[in-house]
Amino acid sequence: MAAHRKPRQRSAGGHTARAAATLALAGVAGATAFDGVGHAEPNPTPAQVKAEVDKLYQEAEAATEKYNGAREKATTAERRLETLRDEAARKEARLNTAREALGTMAAAQYRGGGLDQAVQLALSDDPDRYLDDAALAERAGDRQSAAVTRVGRQLREIEQLRGAARVQLTSLKARQAELKRHKKTITDKLGAARRLLNRLTAEERARLTADTGGGTDTRASRTSAGARAGLPAPGAATAAGPRAAAAVSYAYAKLGSPYVWGATGPNAFDCSGLVQAAYRSAGVSLPRTTYAQIDAGRRVSRSELRPGDLVFFYPGITHVGLYIGNGRMIHAPNPSAPVRVAPIDEMPYAGATRVV
């Protein structure tokens, strides 16, 4: 009988678990033996950090130009909304005056024994009823008819203004939401760049910051504003015109100013803000964004460049500088570098425009 008893079955799960654990331990040991140390992610090299930081700065600048464009449109929408509201308020004041005059007529008519139906409608709190039944105005006398017609016209104009104001308010809210999105993109990109730079040693960070944005004329960038103020801007004599020369001189006076996204001076700038401020100082009004500035004048080839021309970079036209001659420009690079002189070869060249 004992010979026919079933042998006790081993736990398949236990055998499998032990086998898996053995294999896992063997794998860890093999990996450790192969790598020498575990699988800790290696720190990026300074060159890798620079490449990634440059990419993040360029993406942040693209978002900055979109932010600048949205802010310009939001400002326009806000001004238009205020204009519409002011115009509606003025028309409402005139409407109240007309209604008071009509009320005087109505009071006199009532004392005389009756109130015309058209006058009643014009004085009612339900202007839609009046507007839907304007034919009743024809039953009033000539003077009353003219007054009633005037009130009706003013009611229509006010309602049109209110409708336009509602549309403008919707547009403004959309622009404000767009501003918020672009601002978040900018701060996220700049924050990521900052975190990458913080992984480097102080010496590596200083060396990288000096090199960010490509080769630069550090001598010109470090010269004090006071010392530069009395000096003529190099290249101004060969500029495209007196206003271009004035713009170049302004840009030279701003060397060393910090980069701040969205800034248009006088103490801080982003790239398009610097160019706009330089030409504003020369009495020339330029659009706010790079992708609008490139269409603000006559396109010129690279071989035709003269001091004062605007030079643009990247396929999306997301960066601009002010050409000063000898293959160099003054520009506001990014948050890691102030307004400085740099070669136009340091970024992918996209085109140039002469605005005067």
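**Group meeting: a walk through one predicted chain**

Let's start in helix α9. Buried there are A244, A245, A247, V248, Y250, A251 and Y252. Buried means under 20% relative accessible area, exposed means over 50%, and partly exposed is in between, with a 1.4 Å probe and protein chains only. Helices are DSSP runs of H or I with at least four residues, strands are DSSP runs of E with at least two, and both are numbered from the N terminus.

A word on the model. It is predicted, so local features need pLDDT of at least 70 and side-chain atom pairs count only at pLDDT 80 or more, while totals for chains, interfaces and linings use all residues. Residues are numbered from 1 along each chain as its sequence is written, and side-chain values use heavy atoms, with hydrogens and water left out.

Back to α9. It covers residues 242–253, 12 residues in total. From first C-alpha to last it reaches 17 Å, close to the 16 Å expected at 1.5 Å a residue. The expected span is 1.5 Å times one less than the number of residues.

Now the whole chain. The protein chain has 11 helices and six strands. Of its 356 residues, 39% are buried. Contact means heavy atoms within 4.5 Å. Take the contacts with a separation of 6 or more: residues 24 or more positions apart account for 66% of them. The chain exposes about 20100 Å², and carbon and sulfur atoms supply 54% of that. Accessible areas come from the Shrake-Rupley method with a 1.4 Å probe; for residues, only the protein chains shown count as cover.

Next stop, past α9. P266 sits in the loop between α9 and α10 (271–281). G265 and P266 are joined by a cis peptide bond, with omega about 5°. Then comes α10 itself. Why call α10 largely enclosed by the rest of the structure? Because nine of its 11 residues are buried. They are C271, S272, G273, L274, V275, Q276, A277, A278 and Y279. Just after α10, G283 takes a positive phi of about 85°.

Keep Y279 in mind. It returns as a contact of D309. D309 lies in the loop between β1 and β2. At 0% relative accessibility, D309 counts as buried. Leaving aside neighbours within four places in sequence, D309 contacts A240, Y279, V300, E304, G321, L322, Y323, T353 and R354. D309 and G325 are 16 residues apart in sequence, and their C-alpha atoms are 9.4 Å apart.

R302 lies in the loop between β1 (298–300) and β2 (310–313). R302 counts as partly exposed, at 39% relative accessibility. Beyond neighbours within four places in sequence, R302 is in contact with I344, D345 and Y349. Its C-alpha is 7.0 Å from that of A352, 50 residues apart along the chain.

Two backbone angles to check. Y314 has phi near 75°, positive in a residue other than glycine. Y314 is in the loop between β2 and β3 (319–325). N326 also has a positive phi, about 55°, although it is not a glycine. N326 is in the loop between β3 and β4 (328–331). Which is buried and which exposed? Y314 is buried at 18% relative accessible area. N326 is exposed at 74%.

On to helix α5, residues 142–198, which holds Q168. Q168 counts as buried, at 17% relative accessibility. Not counting residues up to four places away in sequence, Q168 touches A77, R80, L81 and L84.

Last, the cavity. A cavity is a set of points, on a 1 Å grid over the protein atoms alone, where a 1.4 Å probe fits but cannot get out; lining residues have an atom within 4 Å of a point. Grid points are joined across faces, edges and corners, and a volume is the space filled by probe spheres set on the points.

How many cavities of 30 Å³ or more does the structure hold? One. The largest cavity has a volume of about 50 Å³. Its lining is Y57, A60, E61, T64, L190, Y259, W261, P333, N334 and P335. Helix α2 (residues 46–111) gives the most, with four residues. By type, the lining divides into seven nonpolar, two polar and one charged. Nonpolar here means Ala, Val, Leu, Ile, Met, Phe, Trp, Tyr, Cys and Pro; charged means Asp, Glu, Lys and Arg; the others, Gly among them, are polar.

Methods:
On a 1 Å grid over the protein atoms alone, a cavity is a set of points where a 1.4 Å probe fits but cannot get out, and a pocket is an open set with protein on both sides within 12 Å along at least five of seven lines; lining residues have an atom within 4 Å of a point.
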